[in-house]
Amino acid sequence: MTGGRPATGGADQARWLIRGVTVPGHGDRERAVADILLRDGSVAVIGTGLSDAGARVLDAGGLIALPGLVDLHTHLREPGREDAETVETGTAAAALGGYTAVHAMANTDPVADTAGVVEQVWRLGRAAGHCDVQPVGAVTVGLAGARLAELGTMADSAARVRVFSDDGRCVADPLLMRRALEYVKAFDGVIAQHAQDPRLTEHAQLNEGEMSARLGLAGWPAVAEEAIIARDCLLAAHVGSALHICHVSTAGSAEIIRWAKSKGWPVTAEVTPHHLLLTDELAAGYDPVFKVNPPLRTEADVAELRRALADGTIDCVATDHAPHPVEAKETEWSEAAFGMTGLETALRVVQLAMVDTGLLDWPGVADRMSVRPARIGRLTGHGAPLAAGVPANLTLYDPAAPAEAVRPGASKSRNTPFAGMELPGRVVATFLRGTPTVLDGKLA
Amino acid sequence: MLILDTAEELASLADRPIKKLPTLRGRTVVNLFYEDSTRTRISFEAAAKRLSADVINFSAKGSSVAKGESLKDTALTLEAMGADAVVIRHGASGAAHRLAGWVQGSVLNAGDGTHEHPTQALLDAFTIRRRLKRGSTRGAGLDGLRVTIVGDVLHSRVARSNVLLLSILGAEVTLAAPPTLLPLAVGSWPCAVSYDLDSELPKSDVVMMLRVQQERMTDAYFPSVREYSRRYGLDVARMARLPEHAIVMHPGPMNRGVEIAAEVADSVRSTIVEQVANGVTTRMAVLYLLLGGTEFPATQIPAVAP
């Protein structure tokens, strides 16, 4: 609730004492109240009645401490579309949302398909300093789906790329997908697939169903996603390599992934906050702020996605934060760009959809929004459950903050589908390696 | 119903030597057409002019739209120039809905993408009522009439608007088409569905044929124009299966020899030319009710007709 205030006499900027915070899962208890001392970029101690005369003190009564959130799916738009977002503004939005690391998707201009581009994005992230930026490399040159990009060179670069994705486009060619999966085994890589059969979704605008039939918008059928997921699960099993499925949006997809996991196959999956809360009914007014790819689906899909996230079939929440300038959305539906922003609202949406509904507890949220996405992204230094000795990446969140309407934030773009919607909770502070990036809900 | 009854009053005007009313004098109606549509544009233009409105025709070709101006900017420009109503035809579903959120004046949807074409449905309902509900039609619905709409329902704004309007007016609507040309969720619509045109014809009071775009063939909606025509085209033999009183409708433009045979289009059952005339009357009623005030008093016609 409060910002940091310096303790009297020579406060040491490198030390923070977070007092009276609830640490979900600590000591195997769902709600353990403790003090946390951050020192030299790490969590020094978690205990009760801690004191440190040189540390700045943050009174965190009523707040919960989560390991810093990790997003597997962020569009930072730089280089190329700095009018929509930059690494600076996008990572500021991430920090305000409680994130300490984001994976920057490859569909920039130029495409992140070479060591040069991924290293540039990585360096811009370091310069901005709001959170760690882990570039994702393109699977194919120019996202064109024709030949493999230099995956190994990107892996060996300073950016140490491990996640590869043509996100926005599907690696539709089954042979190319097989080869990509096989090839990245050499450096423990993972292929993150945007599952969308291109032929089944030509001109597609909205989930194929009652709404698309009524509104006269070309349908985006669930089967176009599910068929690719089924194929890729089989390919991943065949070559024994890691497949990650981006933004799962249908009940059928969850069922296929559950089946693949039951076989022990190396498959992981993510779901976006918007697919956990919103449905295609929102397209009724043709406002393209609700236009996204994959599209918003039905209430039955939302219910099943929540269940799959709760039981671990879907490993994590990833935002698919996709900023667009005003003119890309202030148009006819079919002209508008696909995508929604999400970094600043993700945790609040997850509280509303998963925690307040009793489907997931806070240790579960820590697992789905930090631990597992960091593991899938092969990120060291993030996603460690809070304990003495781990890097001091953490988020302080107030789940009891009265529901407030979503307002414009740090993102350069305004295409949030939650604008004006009352969401619970508030990110109070974010720490990146012991240094606050957000205090009292504002950039530090 | 109010629109249809108003149109009925206005229809009597069409038989007069001078067809003009001064009702909308000083009002400006803009025809904002992003798609080529001679028939609908001219129909709206004639309707507005018969009510003495000033009409501005704005075609997307050769305008600022060709230079990349957004729909919103175009709309605000037209509004600033004093348009009281904008009649919009657009290739994107929902374009009229979006436009209505950006301008103060009235917006009339003259067809948006594959969504709706409301005035077409109104003129179709008006035509059906005049033809099949003889006598005093004022206030009459279409109760008990069976309407079969045939063809590319999936891409048809005419079909969507007609299903909604005709079912509200009490008609029983059946869609007859190959499964590929029906929306997957058509089961949620207030109508029946059939894949077999021949079995529907003997029980139809109205058959409405939809235009079939030949390019649908390349997207595998059907194997060939010939096969489509054989299974779903209305030829002389099929027309003979209709009840004596049944009428044949088509929103135009027709593909003679594809969805409708020339002999059928030109037969006495065909209302195709009548639909065009009724289109002007119906659109006059819509413009009148939106811009001119309330229900059309029957006494006003003799009073104002010069």
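In this predicted model, strands β10 (residues 190-193) and β13 (residues 242-245) of chain A pair in the parallel sense over four bridges. Within that pairing, A:Val190 stands opposite A:Ala242 of β13(A). Both strands belong to an open sheet of five strands in chain A.

**Sheet in chain A**
- The strand order is β9-β10-β13-β14-β15 (chain A), and the pairing is parallel.
- β9 (163-164) and β15 (316-317) of chain A are the edge strands, each pairing on one side only.

**Domains of chain A**
- Chain A is divided into domain 1, made of 12-65 + 389-401 + 421-443, and domain 2, which covers 69-376.
- The centres of domain 1 and domain 2 of chain A, taken over C-alpha atoms, are separated by 29 Å.
- Contact between the two involves 17 residues of domain 1 of chain A and 20 residues of domain 2 of chain A.
- On the side of domain 1 of chain A that touches domain 2 of chain A, the elements giving two or more residues are β16 (394-398), β19 (426-432) and β20 (435-439) of chain A.
- β19(A) provides the largest share of that side, with three residues.
- By class, the side of domain 1 of chain A that touches domain 2 of chain A has 10 nonpolar residues, six polar and one charged.

**Overall build of chain B**
- The secondary structure of chain B consists of 12 helices and nine strands.
- The C-alpha trace of chain B spans about 50 × 50 × 35 Å along its principal axes.
- Chain B has a radius of gyration of 20 Å, which agrees with the value near 19 Å that a compact globule of 306 residues would have.
- Of the 306 residues of chain B, 47% count as buried.
- Among contacts in chain B with a separation of 6 or more, 72% are accounted for by residues 24 or more positions apart.

**Domains of chain B**
- The domain assignment of chain B gives domain 1 as 2-116 + 275-304 and domain 2 as 118-272.
- Taken over C-alpha atoms, the centres of domain 1 and domain 2 of chain B are separated by 26 Å.
- 20 residues of domain 1 of chain B are in contact with 21 residues of domain 2 of chain B.
- Elements giving two or more residues to the side of domain 1 of chain B that touches domain 2 of chain B are α1 (2-14), β4 (106-112) and α11 (272-292) of chain B.
- The largest share of that side, six residues, is from α11(B).
- The side of domain 1 of chain B that touches domain 2 of chain B comprises five nonpolar, nine polar and six charged residues.

**Contact between chains A and B**
- Chain B has 21 residues in contact with 17 residues of chain A.
- α3 (71-80), α4 (95-102) and α6 (157-168) of chain B are the elements that give two or more residues to the side of chain B that touches chain A.
- α4(B) gives the most to that side, with three residues.
- The side of chain B that touches chain A divides into seven nonpolar, nine polar and five charged residues.

Note on methods. Residues are numbered from 1 along each chain as its sequence is written. Chains are lettered from A and ligands numbered from 1 in the order in which they are written. This is a predicted model: local features need pLDDT of at least 70, side-chain atom pairs count only at pLDDT 80 or more; totals for chains, interfaces and linings use all residues. Two strands pair if DSSP finds at least two bridges between them. Two residues are in contact if their C-beta atoms, placed from the backbone, lie within 7 Å. Ala, Val, Leu, Ile, Met, Phe, Trp, Tyr, Cys and Pro count as nonpolar, Asp, Glu, Lys and Arg as charged, and the others, Gly among them, as polar. Domain bounds come from an automatic or database domain assignment. The radius of gyration is taken over C-alpha atoms; the globule rule is 2.2 Å times the number of residues to the power 0.38. A residue is buried if 20 or more other C-beta atoms lie within 10 Å of its own, exposed if 12 or fewer, and partly exposed in between; C-beta atoms are placed from the backbone.
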